Amino acid sequence: MSDRFRSLSALRWLAAAALLSAIDGAALAAQQPAQTGASQASAAQQPSAQPICAQSPPAPVGQQGTSPAPRAATPAPLGPSGQITKWFSVRGEFRGRLEGFSGGAYKPDNSDGYVLDRFRISVTATASPVAKFVVQLQDARAFDKTTGGTAVPFRDTLDLRMAYGEFGGARNMVRAGRQELTFGEQRLIGHLNWVNDARSFDGVRATMTRAPFKFDVFATSVVTIQPDAFDKSGNGNRLYGFYGSTTKAIPKATVEPYLFYRQSAGLKLETGGLGIIKQATMGTRVAGKLPRDFDYGTEMAAQTGSVATDDVRAWAGHWVTGKSFMNAPAKPRSFVEFNYASGDRDPKDGIRGTFDQLYPTGHDKLGLADQVGWKNVEHLRGGIELKPKAQWALSGSYHSFWLASATDALYAASGASVARSVAGTAGRFVGQELDAQAVHTYSPQLQIAGGYARLLPGEFLKNTTPGRPYQSSYVMVTYVFLGDKPAAPRGQK
């Protein structure tokens, strides 16, 4: 990397650190009340979460008998409010991530370590109780990356990520313009916030709520990231859909039926040439609670349609059950999960059997390493989640992967093909993965997270690649320097 880009990286991180330090200092100063009554008023205004490290100040000299001032319930806010007026607010967010990997493409001597950073400025203008307008600018960059490219999904120089108007109220709402789409667990449609440039759509979405039912209809086109030009949608890409939700169909459960229709140009045909995909995805997601602190979730989807002369016939499923131990230390939750997505049995028969995962937030859906996507896969996962303190979340999991069809490819979380044995002679067992993650929410403005993943190749990867283990790790800081909250943990929920 050139000295110029090293300097830019250093300057951006120093600026963020300086801003954090300055605001933190001001916040700490604000925590020292002039009198006990002021301290009590301040504490009463804080959220209920406990501080990471809070100590009562010593009694003043000559006043040892005086009770110390009460402790604040949480650390003071690390930044000014973005609420400029009752109708106008600004939110500023910085996210920096140091990440690295070894064994890229399962090759020896293929490793890298680099820095990703992202600034977002969001402006919300509420013109009336039934009309508001939102604009979000984003600048995402990569530094010190030496392996592979630095374009999508790592870089998107200053661009318009969202710009929409929202009209209506709690019962009926219409949103028009550039916006995020998120449904369910985002296994099929999501914002992909984990990656540096994320995802948005241009179009219209209408939401109608009639308790206990709610449903969305939308007509959109995914925005194509162009790191050195204005991001655009269109080019033959269309996504239409319906997504419903009700809490009355099954006791203590949410049922979410959906129908998505995707149209996109330029797909390669099994019989040769290029064609337009016209594909419907129909499915249902169910998530609920069971007695004795058990929980469950399932999602199943089927796909039909065509790509010119090719027929589409595919399906996928997700099943999980968990058990929470609410009276145990750290309130652990253990779970077992299985995911399936069909593959293509014959790449020349004109029948496309590979499940299309559409536009998901795929990060950590099938492993933290993101080396496996919801396409042509059988995936078994077991894990545990811990909450030792209110501000800490820990998790660990084990994964095993197989190909659903030995003649189809292994696909990464991005949907890209990793390796393939057309003859199906390389075996089906892909490998095993171990993951560990920790998230610390210091305050609504500051969140720190880290994780490690190691994937050990199985028979398939050993026969189709050099077969080296793949491992990755990251440390990430999300800091809202103007506004209220950082992004959701793990970037997907």
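Predicted model: local features only at pLDDT ≥ 70, side-chain atom pairs only at ≥ 80, totals over all residues.
**Group meeting: strands, aromatic pairs and a surface patch**

Among contacts in this protein between residues at least 6 apart in sequence, 62% join residues that are at least 24 apart. The secondary structure comes to 3 helices and 21 strands, and of the 493 residues in the protein, 47% count as buried. The protein exposes about 23300 Å², and carbon and sulfur atoms supply 60% of that area.

Let me begin with the strands. Strand β1, which covers residues 88-102, pairs with strand β21, residues 470-482, in the antiparallel sense and over 11 bridges. If you look along that pairing, you will find F94 standing opposite Y479 in β21. Strand β21 is also joined by 10 bridges to strand β20, residues 446-457, and these two run antiparallel as well; here the residue to look for is Q447, whose bridge partner in β21 is T478.

Now to the aromatic side chains, of which the structure holds 22 pairs. One of them brings us back to F94, which forms a tilted pair with F119, at 4.8 Å centre to centre and with 50 degrees between the planes. Are the two partners buried or exposed? F94 has a relative accessibility of 5% and therefore counts as buried, whereas F119, with a relative accessible area of 24%, is partly exposed.

A second pair is formed by W319 and F338, and it is stacked because the ring centres are 6.1 Å apart and the planes lie at 25 degrees, where the cut-off for stacking is under 30 degrees. W319 lies in strand β12, residues 310-324, and F338 in strand β13, residues 333-341, so the pair ties together parts that are 19 residues apart in sequence. W319 counts as partly exposed, at 30% relative accessibility, and F338, also at 30%, counts as partly exposed too. Elsewhere, F183, F218, Y243, Y258 and F260 form one aromatic cluster.

My last stop is a loop, the one between β3, residues 131-143, and β4, residues 156-168, where we find P153. P153 counts as partly exposed, because its relative accessibility is 30% and that class runs between the 20% limit for buried and the 50% limit for exposed. Leaving aside residues up to four places away in sequence, P153 touches V195, N196 and D197. As for A142, which is 11 residues from P153 along the chain, the C-alpha atoms of the two are separated by 9.7 Å.

Note on methods
Residues numbered from 1 in each chain as written. Heavy atoms only, no water. Helix = DSSP H or I, 4+ residues; strand = E, 2+ residues; numbered from the N terminus. Buried < 20%, exposed > 50% of the residue type's maximum accessible area, 1.4 Å probe, protein only. Contact = heavy atoms within 4.5 Å. Areas by Shrake-Rupley, 256 points an atom, 1.4 Å probe, with all protein chains shown as cover. Pairing = 2+ DSSP bridges. Phe/Tyr/Trp six-rings, centres within 6.5 Å; stacked < 30°, edge-to-face > 60°.
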